[in-house]
Amino acid sequence: MSDVQAFIDAARSSGDWSRLTEAVPYLRFMGIGVEVRDGKLLGHLRATEMHVGNPTIPALHGGTLGALLELTAQLELLFRAETAVLPKTITLTIDYLRSGKLQDVFAEATVLKQGRRVTTVRAVAWQDDPAKPIATATLHLLIIGG
Amino acid sequence: MSEETFDVEALNAAFRDFVPHNRALGCTIESVTAEPPSLVMVLGYDDRFVGNPETGVIHGGVITTLLDSVSGASVYVKLKEPVPIATLDLRIDFLKPATPKRAVRARATCFKTTHNVAFVRAVAFHDDENDPIASGTSTFMLSTKGKSVTEADLYGKKDERR
């Protein structure tokens, strides 16, 4: 069994997902993690000056929001036990709705359709108010092994 | 096209050095062509970018960020005058994993602008653009609030504006 798979299995049985995201260098570097709040999996980007893409506003870089949305969608499938292995992203389509302020971003994902090989997931990111999303994404995730 | 040429160092001052997240990653413009309006950005391999510690493959978020950065920069190659822009949408097809320990490049081409919107195609690859890691399609709103990166700092085009 692989290290990553061991972290996934441990997170699923313990409900503590922080050790999984801390085991991934990019997520540690980016300050991206997930937490469980009221039974829902919540993605969390701890925004710092390093995440800024337009310093004149300032606004967060679109790529950092994409990374948060993708991770939240992937882990939602693991959290819901739709799959035991990390899904692979086939396509990721992001709509940017509002500029991201230099403050923390949260994200939540919903499974739109679970297929035999591909699952379609919608992810939404917001800052102050979940009713005012700053970005949404639709992902097609491959959930067969290999 | 015209006698218009591009100063890659000045573009890097605007897009890499002035943009905190591009600077944090090290997204560096490598080359620019005026016709078609396109540029190539390179991102060196870095252990901090790893998404899978077992294989050393970099995280998809790094590819997403590189494609967003290069696509936005390509709009400034197309525009006659720099204006503030914002990504409206971005679709990425992940075609194959990046090879560990290798730099990733991305070329973006801004093939159309209207009064309000710029349209961009982009591809990420190692050395061969015909063997892509990912492809991206994006649109950008033009003349959004704030200042353009190039206005705010340096403008990479050497022309009569300076």
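Predicted model: local features only at pLDDT ≥ 70, side-chain atom pairs only at ≥ 80, totals over all residues.
Reader: Why is Gly60(B) called buried?

Author: A residue counts as buried if 20 or more other C-beta atoms lie within 10 Å of its own. Gly60(B) has 24 such neighbours, so it counts as buried. Gly60(B) lies in helix H3 of chain B.

Reader: Which residues does Gly60(B) touch, leaving out those up to four places away in sequence?

Author: They are Glu70(A), Thr89(A), Gly51(B) and Phe94(B). As for Phe49(B), 11 residues away along the chain, its C-alpha atom is separated from that of Gly60(B) by 9.2 Å.

Reader: What makes H4(A) largely enclosed?

Author: The burial cut-off is again 20 or more other C-beta atoms within 10 Å. Of the 18 residues of H4(A), 17 are buried, so the helix is largely enclosed by the rest of the structure.

Reader: What does the length of H1(A) look like against the expected value?

Author: H1(A) has 12 residues, and its first and last C-alpha atoms are 16 Å apart, close to the 16 Å expected at 1.5 Å a residue. Just after H1(A), Gly15(A) has a positive phi of about 80 degrees.

Reader: How do you know that S5(A) pairs with S6(B) across the two chains?

Author: Two strands pair if at least two bridges are found between them. S5(A) and S6(B) are joined by five bridges and run antiparallel, so they meet that condition. Ile94(A) stands opposite Leu90(B), and Leu92(A) has Ile92(B) as its bridge partner.

Reader: Which strand pairs with S6(B) over nine bridges?

Author: That strand is S9(B), residues 134-142, and the pairing is antiparallel. Ile85(B) has Leu142(B) as its bridge partner there. S9(B) also pairs with S8(B) in the antiparallel sense, over eight bridges, and Ala122(B) is bridged to Gly136(B). S6(B) itself is mostly covered, with seven of its 10 residues buried.

Reader: What is the strand order of the open sheet?

Author: The order is S1(A)-S2(A)-S6(A)-S7(A)-S8(A)-S5(A)-S6(B)-S9(B)-S8(B)-S7(B)-S3(B)-S2(B), 12 strands with antiparallel pairing.

Reader: Why are S1(A) and S2(B) said to stand at the edges?

Author: Each has a single partner strand, so one side of each is left without a neighbour in the sheet. Neighbouring strands of this sheet are turned by 25 degrees against each other on average, direction ignored. Within the chain A part, S7(A) and S8(A) pair in the antiparallel sense over eight bridges, with Thr119(A) bridged to Leu141(A).

Reader: Which strands does helix H3 of chain B touch as it packs on the sheet?

Author: H3(B), residues 60-78, touches S5 of chain A and, in chain B, S2, S3, S6, S7, S8 and S9. The direction of H3(B) makes about 40 degrees with that of S7(B).

Reader: How many residues of each chain are in contact with the other chain?

Author: 34 residues of chain A are in contact with 35 residues of chain B. On the chain A side, H1, H3, S3, H4 and S5 each supply at least two residues. S5(A) gives the most, with eight residues. By class, this side has 16 nonpolar, 14 polar and four charged residues.

Reader: What makes a set of residues the largest nonpolar core here?

Author: A core is a set of buried residues of the nonpolar kinds listed for it, joined through C-beta atoms within 7 Å. The largest such set has 83 residues, and those with the most contacts inside it are Leu68(A), Leu69(A), Met41(B), Leu66(B), Ala106(B) and Ala124(B). Among the residues that Met41(B) touches are Leu66(B), Val70(B), Ala73(B) and Ala106(B).

Reader: How many helices and strands does chain B have?

Author: Chain B has four helices and 10 strands. Of its 162 residues, 45% count as buried.

Definitions and conventions: Residues numbered from 1 in each chain as written. Chains lettered and ligands numbered in written order. Contact = placed C-beta atoms within 7 Å. Nonpolar A, V, L, I, M, F, W, Y, C, P; charged D, E, K, R; others polar. Buried ≥ 20, exposed ≤ 12 C-beta atoms within 10 Å, placed from the backbone. Expected span 1.5 Å × (residues − 1). Axes fitted to C-alpha atoms, helices over the stretch in contact; angles between N-to-C directions.
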